Each structure stands twice: as structure tokens, then as C-alpha cells.
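Here's a quick briefing to read with the structure open beside you. Have a look around first, then we'll go through it topic by topic.

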Amino acid sequence: MSRRLWTLSVFLFLPLLFALQGRGEEISVLPETSAHYNNKSFWDNERTVTWSPDLRDPIRNAILEESRKRRRQWPVLTPIDQSCLAELKIRRYTGKHVAFYTDLPATEYLDDFVHTLDDALPELCKHFSLDLPMFEDWHIDAFLMSSKKAFEKTGALDGAPDFQFGYSHYDRIFVIDQKYDYYNCFLLIHELVHSFMHETFGALNPRWYSEGMAESLALHRFEGNTLHLGIIPREKKETPGFKRLETIQKDVRNNAIPAMETIFRYSPDDYRLNVTYSWSWALALFLQNHPKYKGIEAKMPYYMMSPDPMARLRNMISTQWPRFIADWYDFVGWLDYCYDFEATVIDYTPGNVSSEIQNRQGTACSVPANKGWVNSGIRVEAGKTYRLGSTGRIELYDSRQMVPSEAGGVSYQYIKGRPRGILLMSIFPESSDRKSDFVPWSDTTTVNANRIFKPEYSGTLFLRINDTPGNLSKNRGSLTFHIRQEQI
Ligand SMILES: [Zn+2]
């Protein structure tokens, strides 16, 4: 090696050497016994807060190692009596990681089902940023049953409590036939996610999170022979038997959106109702996919065995909590098939009172037809009077042709009780003007030409086109919103 090259190597490798030494020190302070994981100070350690689940991070690996230890303490279940399967008309299919048992009549779909469950494993590893080789020896026994009776005789259900639809009992998962192939597969993957998370992350707390993740990841789609988990459904017929989205939409129409704190407190007993699954799914879907929060969600599984995972979630969101709640209400208010998280990200930068707003010409801002709520940058004040208007034309997406529209929208199609394409307006109030029962985006009005507007509270003005989130990115053009303060 030449002297110059050698000097260059030293400069390049010295920082790396220091970095490795630094990591070595961190590794030496990691907990070695399970007791540390019940110790709040471990979880409140600055290093534990700033780690990344995507890297070969010592904190991440220590948590995974602890859950592996807990896995070894799982009880030994009654062996499944294989000798009586034929007599009980139960078929057994063997895959790489899954043994699938069913007493349902053989169909082409069921004959291939064990491979679908096997294919779920790499998808779960991808979602949780885990190495597939870690799961080389992973095994699950999966049961799809027309009734429990025959399976009880095999010993498979020994130790499992009574259940209505499905249950995850350590490394055994059970589902009672729901008559839809898709929904049976959905429920089996739901239980598979529970077993996977229990084994990998050591616990299933909080309940809303483990149920929400199981629901969200179980929503699946095949593209050719490739299985995808954690999908956002494109249309109702894509997910036969899955009714959670309609339940949410009904609650939104009836102004019955549960407070975030209510979802956080869901207990096992609450899961006797389907509605709790729906709201847990919505919250997990929101956290997993929202560009602002998916990095936070990625850490949640690792916090499940901490004494208070919800405190970790609150710490991660921290001062952004009011905006987090506002984003959540925006999401559930518009939740629909093909929901587009990228097109609906909201910028909450507080608006200003521009000097032009008081002039005769007033001020204006552009409202693109391909976005959700757009921050106008304009601050309006309670008690003042404004004259509003809009100009311009947009094109709304339709599978046959683009439909021209102005700020009044189109009369032949209604969304959320208003013409599609109509210009909507809402104020995001300043914290001092927010009432205790304030629900973000609930006070949404339309912008009519020459409309006089007297805000009840001060805040930043937001605008959007009335359209479903799935259509937004395919719309074209923008409207121009005009506002002028009246000198009364
Ligand atoms: Zn569940």
C-alpha cells in the first residue's frame, strides 16, 4: 500500500473505529436479566428512546433476545394425536413453517392454503424489519374447523379457552369456518400475527395495538402468486366478509367516533364487540401508513414488553399530540377504499394575517384538486367579517373520462352529503381558542361565491376539494380561493 493510500485509509477508518468502540460501550450496559425489562429506568434511558428498529441496533437486539428467552418458557402443549385424524375426517397439510389441519371439504383453494400461511412469514419479517433467517425453525400449527368437536379429540385445543371466531394459543392458531375463503384466510393470518408478535416481541400489550396490527396485517391481496399483507383495500369486493371499514363509516356518519383515549383503554372484554376490532384496525392502519407516524409505529412492537408502552407512544409523539389527534380525525373522517395517505398529509404551520387581506383586492391561495386539506397560510380572526370567493376549473377523475368542475362541484355525484368537487373550508383554531370538546375538522363549510363569513374562533384557514382520498391523486388542476376582510 502506498504511503498516501495508507494515510487516506487511516482517515477513513479511524472514525469507524471510534464509532464501533462507542457501540461496544452501549452493548455492555444492556440488561442481561429479564428483571431489567420491568425496570422503568431501562426504558427511560436516553439510548432506549433514540434507537432505531431498522438498524442492527444493540437495543433492538437486546429486546429480541429477551423475547426469545420468554419464548423458551412457553408451556409444552399436549401433542396432537395424528393417529385419529383420518377417522375424524381431518386433513393435514404440511408446509415449510406451518402444519395446516382442516375438516372442511377439500377445494383447490384449501389444498394450497398451507403455502399461503407459509408465505405470510416473509411478509411479516418485511413489515417488522426482521431477518427471515431468524425464523428458520419457526413453526405454527393452524386449524380451520367446521366445529371444534373433532379437533378437541386430537388434543389440539387442550389448554385453549373457549372462543367465538378464532384464537392464538402460543404456536397454535384456531379459526372456526366463516364461510368465505377470503375471511377464513384473513382470520387465520390475524391469529398468525398474534403468535408471531407474541413470540418475537415477548408480549401483546397494549390490547388495541396487538388487535389492530393483527387486523391490519391480515388484510391481504394476491398479485399473481405473490401474497401481500397489510393492504389498504381497493374496493369492497376485494375483501369479502371484512366489514370494519363500513362500521367506521357508519360511526363517523353518526358522530360516534370514539375518543383516542377510549381506544387506548380497550380491554379484552371489549373485544366481544366487532366495533372495537374496527377502531383498533383503523388506529393501527393510521399509524402504520401515515408518513408522519410510521417511524413511530415501527418502534411500538419493541415497547410491548415495557411496563407502560402507551407512555412510550406518548413520549414519541410528544408536543405534536394536538396535531396527531387532528390527523387522526381527518383520517377517520375520510376513511374509504383506496385511502391515499400521501395525498392527505396536512401542514399545520400557523397562518399569518397578511396586509393584503384588508385591501380591496384581498388575498388568494391555490387549492390543488389532488390534495386533502391545504394550508392557506391565512389567519382569520374571531369577530371579524370576511368576503369569500373562488375561481378556476378542475378536472375530477372518473374511470371513463375526466369530469370538469368549478368550486360548486358536480351535481350528479355526492360525497359525504355534498357535491363532489365542491370547495370546502375549515379553521384549525389556535390552542387558546380551542374548546375542551373541540373535534378537528368537524366544523367544515362550503365556499360559495361572495359568501360573507364570520369565524367563531381565530385560527389558520384550510381548504380542500370534496373528494374521496382514493380519487385525489388522479384529479387535475386547482381552484383559486379569494378572501377579503370587510371593513364594517
Ligand atoms: Zn385477535
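Which elements do the buried residues of α16 pack against? They pack against α10, α11 (260-264), α12, α15 (309-317), β15 (423-429) and α17. Keep in mind that this is a predicted model. Overall, the protein has 17 helices and 19 strands, and 33% of its 488 residues count as buried. Among contacts with a separation of 6 or more, 70% are between residues 24 or more positions apart.

**Helix α16**

- Helix α16 covers residues 321-334, 14 residues in total. From its first C-alpha to its last the helix reaches 20 Å, close to the 20 Å expected at 1.5 Å a residue.
- Its buried residues are F324, A326, D327, W328, D330, F331, V332 and W334.
- As a reminder on helix geometry, an α-helix has 3.6 residues a turn, so residues three or four places apart point the same way.

**The α10/α12 pair**

- Two of the partners of α16, α10 and α12, also pack on each other: α10 (residues 244-253) and α12 (residues 274-289) meet at an angle of about 95°, with their axes 9 Å apart.
- Angles of 65 to 115 degrees count as roughly perpendicular, and α10 and α12 are therefore roughly perpendicular to each other.
- On the α10 side the contact is made by R244, T247 and I248. On the α12 side you'll find N274, V275, Y277, S278, W281 and A282.
- Sorted by class, the contact of α10 with α12 has five nonpolar, three polar and one charged residues.

**The five-stranded sheet**

- Five strands make an open sheet in the order β1-β2-β3-β5-β4, with mixed pairing.
- β1 (91-94) and β4 are the edge strands, each pairing on one side only.
- On average, neighbouring strands of this sheet are turned by 15° against each other, direction ignored.
- At one end of the order, β1 and β2 (residues 98-102) pair in the antiparallel sense over four bridges.

**The β4-β5 hairpin**

- β4 (residues 166-169) and β5 (residues 172-176) pair in the antiparallel sense over four bridges.
- The two strands form a hairpin with two residues between them. Y170, in the turn, has a positive phi of about 55°.
- H169 has R172 of β5 as its bridge partner.

- How far apart are the end C-alpha atoms of α6? They are 21 Å apart, which agrees with the 21 Å that its 15 residues (113-127) should span at 1.5 Å a residue.
- F113, V114, L117, D119, A120, L121 and L124 of α6 are buried.
- S129 follows α6 and has a positive phi, near 55°.

**D467: buried or exposed?**

- D467 is buried, because 28 other C-beta atoms lie within 10 Å and the cut-off is 20 or more.
- D467 lies in the loop between β18 (459-465) and α17 (469-472).
- Leaving aside neighbours within four places in sequence, D467 is in contact with L396, I415, R420, G421, L472 and N475.
- W334 is 133 residues from D467 in sequence, yet their C-alpha atoms are 9.0 Å apart in space. W334 is also one of the buried residues of α16.

- The peptide bond from N205 to P206 is cis, with omega near -5°. P206 sits in the loop between α8 and α9 (207-218).
- K89 is not a glycine but has a positive phi of about 60°. K89 is in the loop between α4 (58-72) and β1, and with 12 C-beta neighbours inside 10 Å, K89 counts as exposed.
- K416 is a residue other than glycine with a positive phi, near 50°. K416 is found in the loop between β13 (410-415) and β14 (418-420). With 16 other C-beta atoms within 10 Å, K416 is partly exposed.

Terms used: Residues are numbered from 1 along each chain as its sequence is written. This is a predicted model: local features need pLDDT of at least 70, side-chain atom pairs count only at pLDDT 80 or more; totals for chains, interfaces and linings use all residues. Two strands pair if DSSP finds at least two bridges between them. The expected span of a helix is 1.5 Å times one less than its number of residues. Axes are lines fitted to C-alpha atoms, for helices over the stretch in contact, and angles run from 0 to 180 degrees between N-to-C directions. Angles under 35 degrees count as roughly parallel, over 145 as roughly antiparallel, 65 to 115 as roughly perpendicular and the rest as oblique. Two residues are in contact if their C-beta atoms, placed from the backbone, lie within 7 Å. Ala, Val, Leu, Ile, Met, Phe, Trp, Tyr, Cys and Pro count as nonpolar, Asp, Glu, Lys and Arg as charged, and the others, Gly among them, as polar.
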